[in-house]
Structures are given as structure tokens and as C-alpha cells.
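Good morning, and thank you for joining this group meeting.

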Amino acid sequence: WKGYLLVGPLLAGFLLFYVFPFGQVVWDSLSQGTGKSQLFVGLENYTRMFQNQMFLAAFGNTLRFLGIGLPVLLLLAYALALFLKGWAQRFQVLRAVFLLPYVMPVAGTVLLIDLLFSETGLVNRVLLALGLPLADWLQSPAAFWVMLILYLWKSTGYAVVLLLAGLMAIPPDHYAVAQVEGAGRWQAFRYITMPQMWYALFIAFVFSLINAFKCFRDFPGGRGTPPPVGVHASALYQQFL
């Protein structure tokens with residue numbers, strides 16, 4: 001009973017703030033109405049959702065976003081972590097610099113997107129100076145790539161910090177022994193670094209996946225208006241607004 005007494009407060013908080021809300025969401029998804037007028041309708045809501053063209057387009061674009069953004073982010077973060085491993089051990093400020101985009105206030109991110117990609121933004125001004133046609137970056141298929149760039153900019157640094165922690169946790173003695181045994185850089189990476197980095201890679205993958213799903217947003221054309229093919233509707237920009 002002492003063990004149950006010790007875990008009681010944590011278990012109560014878990015049930016109250018996680019299990020009960022999750023159950024309520026599941027019940028709401030299987031019913032219609034609110035309060036006493038709430039009626040169980042089974043899978044009717046899901047059937048209507050998968051028949052909605054707006055949802056299908058947004059869902060498809062989100063999968064496309066995951067398929068492109070997630071692998072690029074992990075590869076970029078891993079490459080940066082390997083490159084900066086020695087420097088990060090000597091200059092602790094590097095890790096703080098990588099976290100700046102992740103903790104940047106929402107208002108600052110909105111201003112940055114507006115400064116770069118609005119109709120009169122910096123990117124269009126550069127195109128105008130070069131004599132190239134201007135683009136409507138935030139309300140066209142280009143919005144998908146704007147969102148992808150923003151996702152990489154905002155999330156890569158956090159993944160780099162996680163992977164740097166994993167790299168620094170590998171005992172240096174392993175590399176010293178490998179060098180004595182005549183192992184090259186590729187062999188050391190394959191047989192020492194990679195096997196001991198799976199956990200850090202998994203953690204970075206989970207956090208990056210969660211952040212990617214937070215980018216989901218509807219098309220701004222209004223209810224009932226399906227989005228054009230390839231348009232993600234500048235999801236992060238709308239979310240920050």
C-alpha cells in the first residue's frame with residue numbers, strides 16, 4: 001500500500017488530465033450534439049469526414065509534407081550534429097543558438113514570414129530587382145514549400161541538440177580502441193556511432209513527427225471550398241495568426 005500511496009498523486013493526475021480527456025474525445029467523435037442532447041452515431045462522423053474533399057486534400061498534403069520534410073530534417077540534423085560535435089563540446093553557446101528558432105515567440109515568427117514572403121516582402125523585392133516574375137507565396141502552391149522551409153528552420157535546431165546529446169554520450173574510449181585496432185572513420189561510424197545513436201534518432205524522430213503534424217491547417221477559401229491541388233494553405237502562417 002505504500003507503493004500505491006506514493007504513485008497515487010501521479011496516477012490520479014494521469015487519469016484526470018490524460019485518460020479521461022482522451023476518452024471524452026473518443027466519445028465525442030462517435031456522437032453528435034452536446035450535453036444531454038448528445039446522441040451516439042457510431043462511425044457516421046468518420047464516414048462524413050472521409051467524404052469531405054477539404055479533409056482529403058489537407059490529409060494528402062499533410063502526408064506529402066511528412067514524406068518530404070521529416071527525412072530531410074533528420075538527415076540535415078544528423079549531418080549538422082556530426083559536423084559540430086567537436087565544436088559543441090568546446091562552445092556550449094552553439095546549442096543555445098540552435099534552440100533559438102524553436103523558442104522564438106509566435107509574433108516574431110509571423111513577422112519573419114510576412115517580411116520574407118508577403119506580396120511586398122523581401123523575396124519578391126529581390127525577384128523584382130532581378131527582373132523575374134513575382135509570386136504569391138502564401139496563397140498558391142508555393143505555400144507548401146514556404147511551410148516546409150519554415151518547418152525545417154524551426155525544428156532542425158532542436159533535433160540537432162538531441163542528436164548532439166546522443167553523440168556526446170558515446171564513450172570516447174570506444175573510438176580510441178577502434179583507432180588502435182586500425183578502424184577507419186567509416187568503420188567507426190558504422191560500428192560505434194550508428195548502433196549507439198538509434199535511441200537519440202528515435203527521440204528526434206518522435207518530436208519532429210509531432211511538430212510536423214501540428215502544421216495541419218485548412219484551406220483559407222472558406223468552408224465547402226476544396227483547395228487547389230498541391231496547396232497546403234500556408235499552414236504554419238495561419239496557425240501562428
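How many cavities of 30 Å³ or more does the count come to? The count comes to two cavities of 30 Å³ or more. A cavity here is a set of points, on a 1 Å grid over the protein atoms alone, where a 1.4 Å probe fits but cannot get out. A pocket, by contrast, is an open set with protein on both sides within 12 Å along at least five of seven lines, and for either one the lining residues have an atom within 4 Å of a point. Grid points are joined across faces, edges and corners, and a volume is the space filled by probe spheres set on the points. Rolling a probe the size of a water molecule over the atoms shows where empty space is left.

Two remarks on the basis of this talk are in order. This is a predicted model, in which local features need pLDDT of at least 70 and side-chain atom pairs count only at pLDDT 80 or more, while totals for chains, interfaces and linings use all residues. Residues are numbered from 1 along each chain as its sequence is written, and side-chain values use heavy atoms, with hydrogens and water left out.

Let me turn to the overall fold. The protein chain has 10 helices and two strands; these are DSSP runs numbered from the N terminus, with helices being H or I of at least four residues and strands being E of at least two. Along the sequence, the pattern reads α-β-β-α-α-α-α-α-α-α-α-α. The protein chain has 241 residues, of which 33% count as buried, where buried means under 20% relative accessible area, exposed means over 50%, and partly exposed lies in between, with a 1.4 Å probe and protein chains only. Of the contacts between residues at least 6 apart in sequence, 65% join residues at least 24 apart, a contact being heavy atoms within 4.5 Å.

The largest pocket has a volume of about 400 Å³. Its lining has 13 residues, and Tyr 175, Arg 185, Ala 188, Phe 189 and Thr 193 lie nearest its centre. Helix H3 (53-90), helix H8 (172-180) and H9 are the elements that give two or more residues to that lining. Eight of the lining residues are nonpolar, three polar and two charged.

Leu 163 is buried because its relative accessible area is 0%. Leu 164, also in helix H7, counts as buried because its relative accessibility is 1%. The C-alpha atoms of Leu 164 and Lys 85 are 6.4 Å apart, although 79 residues separate the two in sequence. Leu 100, in helix H4 (residues 93-103), counts as exposed because its relative accessibility is 53%.

Finally, consider a pair of helices. The axes of helix H5 (residues 106-117) and helix H6 (residues 122-129) come within 4 Å and cross at roughly 15°; axes are lines fitted to C-alpha atoms, for helices over the stretch in contact, and angles run from 0 to 180 degrees between N-to-C directions. H5 is therefore roughly parallel to H6, since angles under 35 degrees count as roughly parallel, over 145 as roughly antiparallel, 65 to 115 as roughly perpendicular and the rest as oblique. Leu 115, Leu 116 and Phe 117 in H5 meet Leu 122, Val 123 and Asn 124 in H6. That contact has five nonpolar, one polar and no charged residues. In the loop between H5 and H6 lies Ser 118, which is buried with a relative accessible area of 14%.

Technical notes:
Ala, Val, Leu, Ile, Met, Phe, Trp, Tyr, Cys and Pro count as nonpolar, Asp, Glu, Lys and Arg as charged, and the others, Gly among them, as polar.
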